[in-house]
Amino acid sequence: MHTFLQCEVLQSVDFLMLQRRLNLILIKSVVFWFLLLSGDLHAQDINSLRLSGIKEKVSAEQYISNIDKSLGYRFFYADGLLSNVYFNESDSGKLLIDVLNEKLADKGITYLIYKETNIVFVKREQLDLRDRARYAQIDENGGYYSTVDIGDPMLAGKYKTATLKGFIRNGKTGEPLPGAVIYIEDADIGAVTDFAGFYNVQLPVGKSVIIFSYVGFEEREIKMNMISPGEFDVELFESTIAIDQVVITSNSDANVTSTEISIIRLDAKTINNIPLLMGEPDLMKAMTLLPGIQSAGDLASGFNVRGGSADQNLVLLDDVPVYNSNHLFGMYSVIDTRIIKNLELYKGGAPARFGGRASSVMDVELDEGNYKKFEGNGALGIFSSKLSLQGPIKKEKSSFVIGVRMTYSDWILMKVPDMDIYKSRASFYDFNTKLNFILNHKNRVSFFSYLSTDHFNLAGETDYRYTNRLGSLKWNQIANEKLTYSLSVFASNYQSEATDIENVANASTVTSGITQTGTKFRLLFMPGNKHSVDGGLDVNYFIFSPGEKKPYGSVSSVGNEKLENEQSVQAAAYIQDVFSLGSIISVSAGLRYSQYLLLGPAQVNIYENEEEISAETFTGTDEFSSGDIVKTYGGFEPRVSARINVGASSSLKLGYSRNIQYLHILSNSTVVIPTDTWISSNTYIKPAVSDQVVMGFFRNYHKGGIETSVELYYKITENVLEFKDGAQLVMNEYIERDILSAALQAYGIEFLLRKNSGRLTGWLSYAYSRSFLTTSGAVTEELINDGRKFPSNYDKPHDLSLVSTFKISRRFTVSATFLYSTGRPATFPESKIPIFGNPYSISADHLVQYSDRNKYRMKDYHRMDISLIWDTSLKKNKKIYTSWILSIYNVYGRKNVYTNFYKKEIPNRRNDYRKYAFYELSVIGIPIPSLTYSIRF
């Protein structure tokens with residue numbers, strides 16, 4: 001079979017080389033006939049030819065045939081090629097080139113410009129060309145290029161510099177590409193597009209080569225002749241596979257050239273190639289394969305960044321906060337990777353526009369949809385299925401994206417012989433929609449909504465349900481060539497419900513949740529090529545529902561309980577300035593000021609001494625009416641980073657940032673679970689304040705084909721919530737009595753080696769990191785470990801990941817990952833004291849004494865996963881593309897310990913006739929294969 005595949009590739013290579021040679025002969029023939037037919041006529045550049053005199057709908061063939069030949073213009077095309085192309089009255093006055101770009105976009109037709117006055121129309125597939133500017137003329141080396149004149153020729157000589165502006169879009173879908181790079185190497189001038197894909201750059205007049213690039217897309221070079229200010233829109237296409245070499249190409253030095261530090265970027269292609277659990281690509285699990293980001297274990301929900309807890313991460317889905325980013329306790333991510341456009345995770349030094357969390361920001365932007373044609377993606381797996389559709393509502397003017405996922409894993413659980421699992425049930429679904437409308441050249445509006453529901457029943461004893469509901473409306477406007485702004489309103493609601501039905505007499509349901517609504521105003525001002533200012537204002541309103549308990553069933557004796565809701569307002573203003581100090585140093589300096597107000601109605605518990613909070617010092621309550629300000633917090637959050645160029649492809653970066661977090665989650669678990677409750681900072685619970693300094697060295701090789709980096713960081717976070725031993729977190733109206741304030745100290749070094757090009761791609765990451773907590777308070781006896789420093793739950797000193805993807809052939813891709821990390825800290829029982837009876841009798845009860853908090857460690861964690869992707873068809877004009885994905889999670893069946901527990905039970909052979917037994921729980925201790933059938937149309 002290997003020989004057959006090899007022959008098939010070679011035959012494809014020979015055919016392609018023959019086709020390219022025929023194409024080259026065709027182009028040279030066309031050029032030869034141009035030389036004969038065009039003569040030495042003097043005419044104005046065809047790029048400046050405008051349509052005129054159109055009173056009614058007229059075919060392109062008819063209009064072109066009536067153009068006065070004395071003007072020196074020549075048009076060449078096969079009979080009938082332009083028969084379905086029409087000009088309308090509304091096209092009068094427009095540049096011919098602009099109208100052709102619009103009319104020919106979906107016709108499969110392109111054109112070549114020769115000697116500025118001649119146009120040849122050809123079928124795009126015939127020449128297999130995407131870029132007319134690259135193939136229009138022959139340079140001295142036999143390559144093809146086009147010189148594009150920008151501006152009015154009548155103004156030649158008037159300007160020394162001129163402004164070039166325009167949009168950079170995805171050539172396949174028409175979506176704007178924010179963050180695309182425009183670079184002029186000879187003049188050392190660069191710029192990036194704003195969030196609407198718009199760019200504005202000041203260039204010297206004359207000829208220069210301009211490079212347009214975007215991560216994951218093919219780089220495009222265009223030779224331009226700047227005459228006067230003008231516009232030029234660019235389409236970029238996703239990186240393709242060179243068939244004759246089977247090589248994935250990528251060119252990017254963004255990690256070296258940007259001022260950002262401690263940032264991670266992943267695209268959907270990379271994530272989808274990583275071996276799958278249950279056949280589903282997972283965004284969160286992919287992130288934990290990179291340095292500085294960890295997971296608590298197999299199927300653990302949430303993620304931890306540089307020693308911080310899961311609630312210290314801000315997850316934004318299309319700029320809307322998500323409060324539980326996982327399905328089924330971490331089995332799946334809430335985000336379908338097939339509809340992701342951009343993903344950025346800031347581990348430190350996030351731009352000033354982000355705030356509200358102490359550790360990190362994950363900013364996920366969804367696809368806008370295809371503005372040109374309808375397409376879809378689907379996947380049918382053993383455990384889950386999904387379908388996404390996108391396309392134009394009105395071609396080139398509006399688009400939609402719709403996605404739905406669901407799981408049907410119950411039938412799998414019912415096949416497991418263990419009765420607890422057999423009686424369990426698990427399911428989820430999510431649905432998302434995004435609509436985009438281009439109102440005109442400067443205005444666009446988008447609407448986004450998301451709904452997900454999870455249901456999990458554990459052994460018929462405990463029933464969990466939780467939902468996410470998100471929605472937003474955003475308006476972007478380009479005010480002028482230097483100023484762009486956006487305005488959005490959004491809402492995010494998270495509700496959880498846990499029902500204990502093990503004992504019908506005490507069966508109850510506890511619900512909690514959080515609702516956030518807000519508005520964001522952002523403006524981006526670009527006064528020059530090496531200077532941009534980002535500023536804005538955020539206002540948010542929160543409603544916290546800390547808990548409500550109700551009886552479940554008619555025989556339950558549980559009474560109704562409800563904790564008082566909390567309301568708060570958070571407002572923030574920010575400004576970020578990115579500028580260059582010469583050609584070596586670039587600086588990004590930002591300042592954010594946030595203000596947080598806890599509002600009434602509220603009932604605040606009063607104690608004699610706020611330093612010693614207990615039932616004994618409780619004196620009563622203080623009542624606040626609706627609209628009263630109960631407590632106020634606020635502060636400045638500076639962020640600054642600098643890049644120092646060290647050679648052509650390397651840089652040194654330094655950064656400092658402060659973040660304030662006003663929200664907290666009540667949890668004594670290392671992972672996010674539905675019973676966790678979000679609460680506000682209040683009289684006794686202060687906001688967490690995090691300060692971090694970072695230094696990094698970045699170096700690329702082979703034009704970004706290989707990236708290397710090393711970063712050192714040191715972080716201190718004050719007012720971290722820790723809980724006293726035996727604390728009750730659910731339905732506790734005196735929660736301040738069970739809370740301790742702690743300081744987190746985290747530091748580490750992170751290494752990353754990443755290969756982006758070639759048949760073999762992937763990365764190797766390693767991090768050595770430590771994180772410690774120290775509690776403080778007036779009562780020494782209540783402090784954890786008597787106030788001594790102890791490892792946090794997320795302290796895993798060694799963390800190593802190896803991710804590799806190998807393109808075997810055009811059809812087959814194999815991927816593998818290997819993970820290793822130090823075991824998590826744990827608290828184990830050290831002794832037991834008999835309470836009564838014969839201490840040697842198996843019926844005796846004992847008092848178990850535990851060690852200091854996190855004194856011990858679980859066993860080290862390691863795991864290997866593999867997957868094989870088979871693309872069943874690669875024919876160019878096929879309407880439906882399918883593939884099979886075979887994945888094996890935990891290949892060698894490692895029983896990684898998820899948690900340890902000490903349990904009292906009936907003595908039997910299984911526990912060696914001990915009444916008290918110590919257990920290690922492994923969630924996944926066997927290889928788990930999955931098979932997914934994927935379809936794209």
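Strands β10 (residues 181–184) and β13 (residues 206–213) run antiparallel to each other, paired over three bridges. One of the residues to look for is V181, whose bridge partner in β13 is S213. Keep in mind that this is a predicted model. Both strands belong to an open, mixed sheet of five, ordered β8-β14-β13-β10-β11. At its edges sit β8 (147–150) and β11 (189–192), each pairing on one side only. On average, neighbouring strands here are turned by 30° against each other, direction ignored.

Now step back to the loop between β9 (161–170) and β10, where you'll find E175.

Elsewhere, charges do pair up: the structure holds 28 salt bridges. One joins E235 and K372, at 3.0 Å from N to O. E235 is in strand β16 and K372 in the loop between β27 and β28, so this pair ties together parts 137 residues apart in sequence. E235 is partly exposed at 33% relative accessibility, while K372 is buried at 13%.

Another pair, K347 and E750, meets at 2.8 Å. These two are 403 residues apart, with K347 in the loop between β26 and β27 and E750 in strand β48. K347 is buried at 3% relative accessibility, and E750 is buried at 3% too. Through shared partners, salt bridges join R306, K347, E711 and E750 into one network.

Key:
Residues are numbered from 1 along each chain as its sequence is written. This is a predicted model: local features need pLDDT of at least 70, side-chain atom pairs count only at pLDDT 80 or more; totals for chains, interfaces and linings use all residues. Side-chain values use heavy atoms; hydrogens and water are left out. Two strands pair if DSSP finds at least two bridges between them. Helices (H or I, at least four residues) and strands (E, at least two) are DSSP runs, numbered from the N terminus. Axes are lines fitted to C-alpha atoms, for helices over the stretch in contact, and angles run from 0 to 180 degrees between N-to-C directions. A salt bridge is a side-chain nitrogen of Lys or Arg within 4 Å of a carboxyl oxygen of Asp or Glu. Buried means under 20% relative accessible area, exposed over 50%, partly exposed in between (1.4 Å probe, protein chains only).
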